[in-house]
Amino acid sequence: MKNNIYLDNNATTCVAREVIEAMQPYFSEKWGNPSSIHRFGGSVAKDIAKARVAIADFLNCKPNEIFFTASGSEGSNIALKGFCAKRGFEKSRIITSAVEHPAVLNTAQYLASKGVFVREIGVNGNGCVNIDEFCENINENTIISAMWANNETGVIFPIEKIVEKARSFGATMHTDAVQAVGKINIDLQKVPVDMLNFSGHKIHAPKGIGALFIREGTKIEPLIHGGHQENGFRAGTENVPYIIGLAKACELAKDNILYENTEIKKLRDKLQDALLANCKGAVLNGDKEKRLPNTLNISFEYVEGEAILLHLDELGIAASSGSACTTGSLEPSHVMRAMGLPYVLAHSSIRFSLSRYTKESEIDKVIEAMPPIIDKLRAISPFSDGK
């Protein structure tokens, strides 16, 4: 059944019409292999080069610093594994946060099994990190991996300050910017991280395409060996239609960044204020100000989050509880646990994530639907005592 109101855009987004139109010729007319010497392939290679320029312009970096991947998870894996492989597992150190995406946390734990020193930094009750903790006992063999913005709470990390300290100690800085790209301004000349990865399906491009920024001079080992593609760094014939789509999505995101931070933020705040005012036991999760403009994470005391989602789904409203990557787990989100939320709140967290296609009329319907759902579920909760 098609959901009428989609508020789960941090999980994935619809593919923009303009992106589909830009991709279409590369399925039916320009299907040549960009590595081929003939014109049919050569013209496609030129289009990939233009796409790389467009993405570099979006992030304010050099085109030769952009490498195409299949996902955000691949980008994080390349950054962390490539760094440690270059320096040797026993020498390498990874400093990361306890609220990172599993693509970072699980990769770090894998590398720990190979002898890499791994340290996870905690967060406070608002989901914010202590910058000084990130930069304790680091050196030139250390990679700091900190997400630009959290996928569950939307909390924005102080990446500019972290990278400044990291560089003063000779450490390398990687950021998982999957949730941040396209929602807030990112200028890689002003914030000189060494590596940054993002994913197309979070910014209205298709699933299965992403990019990894690697600043010139950053030394890491490639994970995929074979042909000369991506300057010998990532072998395999390029996914041409999706690369073109990613570039178009970046252009659209650049054009709409002001709208994201004004109009979408207004809709998010309208939803937030109404739920906090009209739903019993509602509590905001994450820093109120240092957040992505599209993200609202809120708990409803004594109510199971999954039950809320089922009731919303019956009304054609799509939201999420925690991250899509942890769906199926009976445990509270690792982000909520790291923030120290009590059990009755950690199990009841709901994430609403908007996009530039979200309408105010849709927000009004959610505002109308939520209070009766919460009242009904609290009334039958074994924990609420009728409160």
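Q: What covers the buried residues of helix 5?
A: The cover over the buried residues of helix 5 includes helix 4, strand 3, strand 4, strand 5, strand 6 and helix 10 (334-338). Contact here means heavy atoms within 4.5 Å, while helices (H or I, at least four residues) and strands (E, at least two) are DSSP runs numbered from the N terminus. Keep in mind that this is a predicted model, in which local features need pLDDT of at least 70 and side-chain atom pairs count only at pLDDT 80 or more, whereas totals for chains, interfaces and linings use all residues. Residues are numbered from 1 along each chain as its sequence is written, and side-chain values use heavy atoms, with hydrogens and water left out.

Q: And which residues of helix 5 are the buried ones?
A: In helix 5 (residues 102-112), they are Pro102, Ala103, Val104, Leu105, Thr107, Ala108 and Leu111. Buried means under 20% relative accessible area, exposed means over 50%, and partly exposed lies in between (1.4 Å probe, protein chains only).

Q: Does strand 3 run parallel or antiparallel to strand 4, and how many bridges join them?
A: Strand 3 (residues 93-97) and strand 4 run parallel and are joined by five bridges; two strands pair if DSSP finds at least two bridges between them. Within this pairing, isoleucine 94 has valine 118 of strand 4 as its bridge partner, and threonine 96 has glutamate 120.

Q: In what order do the seven strands of the open sheet come?
A: The order of the seven strands is 2-8-7-6-5-3-4, and the pairing in this open sheet is mixed. Strand 2 (66-69) and strand 4 (117-121) stand at the edges with a single partner strand each, so one side of each is left without a neighbour in the sheet. Neighbouring strands of this sheet are turned by 20 degrees against each other on average, direction ignored; axes are lines fitted to C-alpha atoms, for helices over the stretch in contact, and angles run from 0 to 180 degrees between N-to-C directions.

Q: Which strands does helix 3 lie across?
A: Helix 3 (residues 39-59) lies across strand 2 and strand 7 (195-199), and it runs at about 110 degrees to strand 2. Helix 4 (residues 72-87) also packs on the sheet, where the strands it touches include strand 5 (142-145), strand 6 (172-176) and strand 8 (210-214), and its direction makes about 155 degrees with that of strand 7.

Q: New topic: what is the order of the open sheet of three strands?
A: Its order is 9-10-12, with antiparallel pairing. Strand 9 (282-284) and strand 12 (349-353) are at the edges and have a single partner strand each, so one side of each is left without a neighbour in the sheet. The twist averages 30 degrees from one strand to the next.

Q: Which residue in strand 12 does asparagine 297 stand opposite?
A: Asparagine 297 stands opposite arginine 351, and strand 10 (residues 295-300) is joined to strand 12 by five bridges. Helix 8 lies across strand 9, strand 10 and strand 12, running at about 10 degrees to strand 10.

Q: Now the loop between strand 8 and helix 8: where does glutamate 230 lie, and is it buried or exposed?
A: Glutamate 230 lies in that loop, between strand 8 and helix 8 (240-278), and it is buried, with a relative accessible area of 7%. It has a positive phi of about 50 degrees although it is not a glycine. Most residues other than glycine have a negative phi.

Q: What about asparagine 231, is that buried or exposed?
A: Asparagine 231 counts as exposed, at 75% relative accessibility. Its place is in the loop between strand 8 and helix 8, and its phi, near 60 degrees, is a positive value in a residue other than glycine.

Q: And where is the place of glycine 232?
A: Glycine 232 is also placed in the loop between strand 8 and helix 8, where it counts as partly exposed at 39% relative accessibility.
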